[in-house]
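Hi,

Here is the structure I said I would pass on.

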Amino acid sequence: MKTCNNDHMQPVEPAGKLGTEIASCNPSAVDTPLPQAFSRSGAFRHFVYSSNGAVLALVDNEGLSVVDVATNEQTYSFAQKGIIEVSMSPKGTYVCTWERQAKPDPATRQQHLNLLIHNVVTGEVIARHAQKAQGSWVPQWTDDEAVYGRLTTTGEVTFYPTTQAYNAGKPFSLRSAGIADYSLSPGSNPYVVVFIPESKSGNPAIVKMFSLGNSKAPVANKTFFKADKIKFIWNKIGTGVLVLTSTDVDSTGQSYYGENNLYYMSTTGNWDCRVALDKEGPIHDVAWAPNSKEFAVTYGFIPSKTALFSYKADPIFDFGTAPRNTLSFSPTGRVLAVGGFGNLPGDLDFWDMTKRVKLAAASSPNATHLSWSPDGRHLLTSTLSPRLRVDNGWKLWHYRGICVASHAVKELFQVAWRPTTGNGPNLDHWAKRDLSPAPQGLVGVAAPKPKALGGAYRPPSARNGPRTVPGAVFRAPSPPPSAGRGRQVPGMAPTPPPGANRPQQGGRGQPQPQQGARPGSTPSPVPGAVVDAAGAEKRVQALVKKLKQIQGLKQKLANGEKLDNAQIRKVESEKAVRTELSDLGATPNF
């Protein structure tokens, strides 16, 4: 894959990782050369940009490499085979690497220190730690890089200063029995929240919030049941956190994904609450707006509901219901993308958050990853391996729902935008400005057409004629007694047999023609005269199902189980059910 530039604002470059090649490219014109082209070949596993986009850290089979993107020169390297993961501190001064933990050295019995902290400015490894779990290996940093923290195997959170100015450079710990997870807030005055699951003795789960460096008195506490796992979602300025709890099993049996609840906690300690959601079902996604004043939630059984809440968890706006499970605010906060991916068809809606109106709709089937460009004008959707081995590549969408670029790759593993320097977009300016008109899109890639209504629902049995009903044998109904003398229609006088004396035309007993009817015309059908075959078959299916339930209840009685009154009445109705089935021409074989 090659290097990419975005649009007319400023150069923003995504980079992609392809087993043997990693390069930057302009996503809207892949073959167009960039002013600062970047390309590397090798067996790459992972890459990560610094927050300002100036530095790129790469991991391959030989170890770690750190490259200056502007000059394409390598500024730091560390030879260590087996490195799998890499992360970077907020300012790009430190790079963290993780490899699988090996068994202790038989001679020294020392643990394998598999988590390393590299200072890429001085070119040295400043710390080594033992970290077994891959899922929670990434150290968390304060915005000024003065401290990083990690959860140890002993159930405590340890913080490590990187300078002597903080706590004289000495590590300090936040100790509480059974800490299972933690999160460090962004912002100039960092806070830390810890999660302690429910105990076997019946104590509820608890989340505690502390000011960093003061672990004696928590700023806020929140206790709740039904919490096996937890996810912390901080707002951008670090003044509030959403706590998403989940269980592995739904005790009500309504969902395969367990139960979810959402809570809000403030760093001031004077406000915490449960976010009230008015639709039953799982919580699919939660996202804070960049202004830190509101957040969006997609929740409920599919079709799910998406709603906007204030920072005090009061509902503000309802986006409606649709098959959606993904939320993503643009960096400017002006546009919200609401999509349905994974096992959903990939539909995507763009909303103007100032006017609260829907801008456009798009469709990106099989997308496994999406991310906004730093300028907030384009959304990149991509299909990556190994999640999906086919249809790998990316599409670039304008927030007006227009696909401006599409590129297919045989095998694409990772794709990311190159961050920009500076303080980011001016949120107030973007909230007030007029949005750009729709650009010209690609030929053949159009917005999804609204689905035409199919009319009244027709069951499968009524679409292609009658079908067999499991558990029932149909027989032809016996001919009526009047067979051979014409068909008798309910509501009409019976047809006399051949040879019978017919009344004279216009005589008493002769049906008079309808008003306005022409002589010899066919009379209008009488309501109920024609039997709906599909309706009869549907009724047979319901009766056969009920009869099977009755057989099950009778088996329970035979086993000595006690039935309630409703079940007893159902068993007593067996004779009536069989009679009705016989009248409909069905004979159950049980």
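The salt-bridge count comes to 14, taking a salt bridge as a side-chain nitrogen of Lys or Arg within 4 Å of a carboxyl oxygen of Asp or Glu. Bear in mind that this is a predicted model, where local features need pLDDT of at least 70 and side-chain atom pairs count only at pLDDT 80 or more, while totals for chains, interfaces and linings use all residues. Residues are numbered from 1 along each chain as its sequence is written, and side-chain values use heavy atoms, with hydrogens and water left out.

Lys229 and Asp248 form a salt bridge at 3.6 Å, N to O. This one links distant parts of the chain: Lys229 sits in strand S20 (residues 229-234) and Asp248 in the loop between strands S21 (240-246) and S22 (260-266), 19 residues apart. Strands here are DSSP runs of E, at least two residues, and helices are runs of H or I, at least four, numbered from the N terminus. Lys229 is partly exposed at 48% relative accessibility, and Asp248 is partly exposed at 48% too. (Buried is under 20% relative accessible area, exposed over 50%, partly exposed in between, with a 1.4 Å probe and protein chains only.)

Asp349 pairs with Arg324, with the closest N and O atoms 3.0 Å apart. Asp349 is in strand S30 (residues 347-352) and Arg324 in the loop between strands S27 (315-322) and S28 (326-329), so the bridge ties together parts 25 residues apart in sequence. Both Asp349 and Arg324 are buried.

Arg578 and Glu574 meet at 3.2 Å, N to O. Both are in helix H4 (residues 574-583), 4 residues apart, or about one turn of the helix. Arg578 is partly exposed at 28% relative accessibility, whereas Glu574 is buried at 14%.

There is also a network: Asp278, Lys305 and Asp318 are joined by salt bridges that share partners.

Now the inside. The whole structure has 1 cavity of 30 Å³ or more, a cavity being a set of points on a 1 Å grid over the protein atoms alone where a 1.4 Å probe fits but cannot get out, with lining residues having an atom within 4 Å of a point. The largest cavity holds about 40 Å³, the volume being the space filled by probe spheres set on the points, which are joined across faces, edges and corners. Its lining includes Phe159, Val192 and Asn214. S15 gives the largest share of that lining, 3 residues.

Cheers

Key. 1 Å grid on protein atoms, 1.4 Å probe; cavity = no way out; pocket = protein on both sides within 12 Å on 5 of 7 lines; lining within 4 Å.
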